[in-house]
Amino acid sequence: MKKFVCSNCGYVSPKWFGRCPQCGEYDTAEEVQRRKNREGSPSLFLNLEDAGEISLERLSTGFSELDRAFRGGIVPGQVILLSGEPGIGKSTIALQIAERFAERGLVVYVSGEESPQQLKLRADRLLLKRKKDILLTLENDIDEIISSLQNKRVSFMVVDSIQTVFSSDLGSSPGSISQVKNVTMKTIDFAKRRGVPVLLVGHVTKEGEIAGPKLVEHMVDTVAYFEGDRRTGLRLLKITKNRFGPSDEVAVFELKENGFVQVENPSFTEGDADLPGNVLTCVFEGTKPFVVQIQALVSKNRTFSPKRVCKGVDVNRVMLLIAVISKYLKLPIETHDVYVNVVGGLRVTDPAADLAIALSIVSSYLEVSLHNTAAVGEIGLDGRVRKVYNINRRLNSLKSSGRIIVPPIEEEQKGVFEVRDLKEAVSIIGGEILGTPGAD
């Protein structure tokens, strides 16, 4: 039986169409052969009790921090989608992981973007020792690749990148929505049947999202984003989905001349938190705490529309905090330009950073140094400072700070000041600000 698939959006129809009814594009219908049901074939269904057990043996990636993010390592047959901006280091870390798996057997590296000479040059720079156990192929047809691996014992497979590989079942060009979906489906089938872990490298759009249909992220077992500030060399690998463990874990790497090295205790500070507009805080990414430095700059607005420029934090969250500051502290922040930055390129989504962001804005506006102050707490629309989880671990990470401002906690600690709302927090950082006694 025949069916027709739109090469632009993946719409499926039993008959040919000139204009796709789903996306509206013309001449995108591609004919695909559909197998007929075979009578007398084995049962397609299996009793859940007889399904057996899956092997959850964990295979090390060679990086203990990455193994921790994967909750023990990679599971045989696991399909991982790794994405990131161009030049962030996806191919480099993929080759380093391939080197570790080459100790267990052959590794297949499908290169759709680089020549063997380019990969050899990178391998030499990374000082890889098992280059003979890494098989390179420039073949882009996924059917040919899988067919050629039937008689080989493969320990690991890298597809770099998924947008460059195609299936001969479809007539569309590589990178189209239908091709990416079909190639991913066949790769997953190969990984599950052979128990071979597969790393798929994916492109990103200008908005920072994985290119291709969102369905691909649902199909794979794990989705990881590689991001960071190229000026510092620090890279963060964030696990946003993981079927073999909790998601939202983060592994930190530093890019050096010989490749990536893991960073167990990263620092996102510049050592000058004593200047106005600088406040320290502790945020959680998964189960790992990070001490980060929040910087703010408030300047007079010379136009009719004040600027809100943020790097590393959500601009909408900053606008909300500006409104709270203006309402409850009676400071005209809303008429000024406000710039907020997170040192080191880390993107902060933890609401526990609210208090640090607010205090850094107030500090910059009043040009008052907070003297190496750290703050942890979520700010509500009513100006109150809410409690956050894992407060004890955050305090332990910030113990080297001059003073720490937090919402009410169970036990009193030296150098820790408890506040219930934003007014109390501002009164603590200096009596010269609002005319209240300081707590120094």
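1. A residue is called buried when its relative accessible area is under 20%, exposed when that area is over 50%, and partly exposed in between. Thr240 has a relative accessibility of 38% and therefore counts as partly exposed. The model discussed here is a predicted one.

2. Thr240 belongs to strand S10. Leaving out residues up to four places away in sequence, Thr240 touches Val223, Tyr225 and Ser247. Its C-alpha lies 7.6 Å from that of Thr222, although Thr240 and Thr222 are separated by 18 residues in sequence.

3. The chain comprises three domains: domain 1 covers 1-34, domain 2 covers 57-262 and domain 3 covers 267-429. Between the C-alpha centres of domain 2 and domain 3 the distance is 37 Å. The contact between these two domains involves 14 residues of domain 2 and 12 residues of domain 3. About 930 Å² is buried between domain 2 and domain 3, and carbon and sulfur atoms give 55% of that area.

4. How many salt bridges does the rule find across the interface of domain 2 and domain 3? The rule finds one. Glu65 and Lys288 form a salt bridge through their side chains, at 3.6 Å from N to O. Three residue pairs are counted in polar contact between domain 2 and domain 3. On the side of domain 2 that touches domain 3, helix H1 (64-69), strand S10 (234-242) and strand S11 (249-256) are the elements that give two or more residues. That side of domain 2 is made up of nine charged residues, four nonpolar and one polar.

5. Side chains of opposite charge can pair when their charged atoms come close. In the structure as a whole there are 22 salt bridges. One of them links Lys131 and Asp124, with 2.6 Å from N to O. Lys131 is partly exposed at a relative accessible area of 33%, and Asp124 is likewise partly exposed, at 32%.

6. Asp221 and Arg243 also form a salt bridge, their closest N and O atoms being 3.1 Å apart. Asp221 is in the loop between helix H6 (215-219) and strand S9 (222-228), and Arg243 is in the loop between S10 and S11, so the pair ties together parts that are 22 residues apart in sequence. Is Asp221 buried or exposed? With a relative accessible area of 4%, Asp221 is buried. Arg243, at 46% relative accessibility, counts as partly exposed.

7. A further salt bridge joins the side chains of Asp382 and Arg384, at 2.6 Å from N to O. Asp382 is partly exposed, with a relative accessible area of 32%, whereas Arg384 counts as exposed at 53%. Elsewhere, salt bridges with shared partners connect Glu65, Arg68, Arg71, Glu249 and Lys288 in one network.

8. Glu334 sits in the loop between helix H7 (315-328) and strand S16 (336-342). Its relative accessible area is 40%, so Glu334 is partly exposed. Apart from neighbours within four places in sequence, Glu334 is in contact with Pro306, Arg308, Ile322 and Ser326. With Ser326, the side chain of Glu334 makes a polar contact of 2.5 Å. Glu334 and Ala323, 11 residues apart in sequence, have their C-alpha atoms 6.8 Å apart.

9. The remaining points concern the backbone. Most residues other than glycine have a negative phi, and most peptide bonds are trans. The peptide bond between Asp160 and Ser161 is cis, with omega about 5 degrees. Ser161 lies in the loop between strand S7 (154-160) and helix H5 (177-194).

10. Where is Asp27 found? Asp27 is in the loop between strand S2 (12-13) and strand S3 (29-33). Its phi is positive, about 55 degrees, although Asp27 is not a glycine. Asp27 counts as exposed, at 69% relative accessibility. Asp248, another residue other than glycine, has a positive phi near 65 degrees. Asp248 is placed in the loop between S10 and S11, and at 49% relative accessibility Asp248 counts as partly exposed.

How values were computed. Residues are numbered from 1 along each chain as its sequence is written. This is a predicted model: local features need pLDDT of at least 70, side-chain atom pairs count only at pLDDT 80 or more; totals for chains, interfaces and linings use all residues. Side-chain values use heavy atoms; hydrogens and water are left out. Domain bounds come from an automatic or database domain assignment. Contact means heavy atoms within 4.5 Å. Buried area is the accessible area (1.4 Å probe) that two parts lose on being put together, summed over both. A salt bridge is a side-chain nitrogen of Lys or Arg within 4 Å of a carboxyl oxygen of Asp or Glu. A polar contact is a pair of N or O atoms within 3.5 Å; within protein, one must be able to donate a hydrogen and the other to accept it, and residues adjacent in sequence count only if both atoms are side-chain atoms. Helices (H or I, at least four residues) and strands (E, at least two) are DSSP runs, numbered from the N terminus. Ala, Val, Leu, Ile, Met, Phe, Trp, Tyr, Cys and Pro count as nonpolar, Asp, Glu, Lys and Arg as charged, and the others, Gly among them, as polar. Buried means under 20% relative accessible area, exposed over 50%, partly exposed in between (1.4 Å probe, protein chains only).
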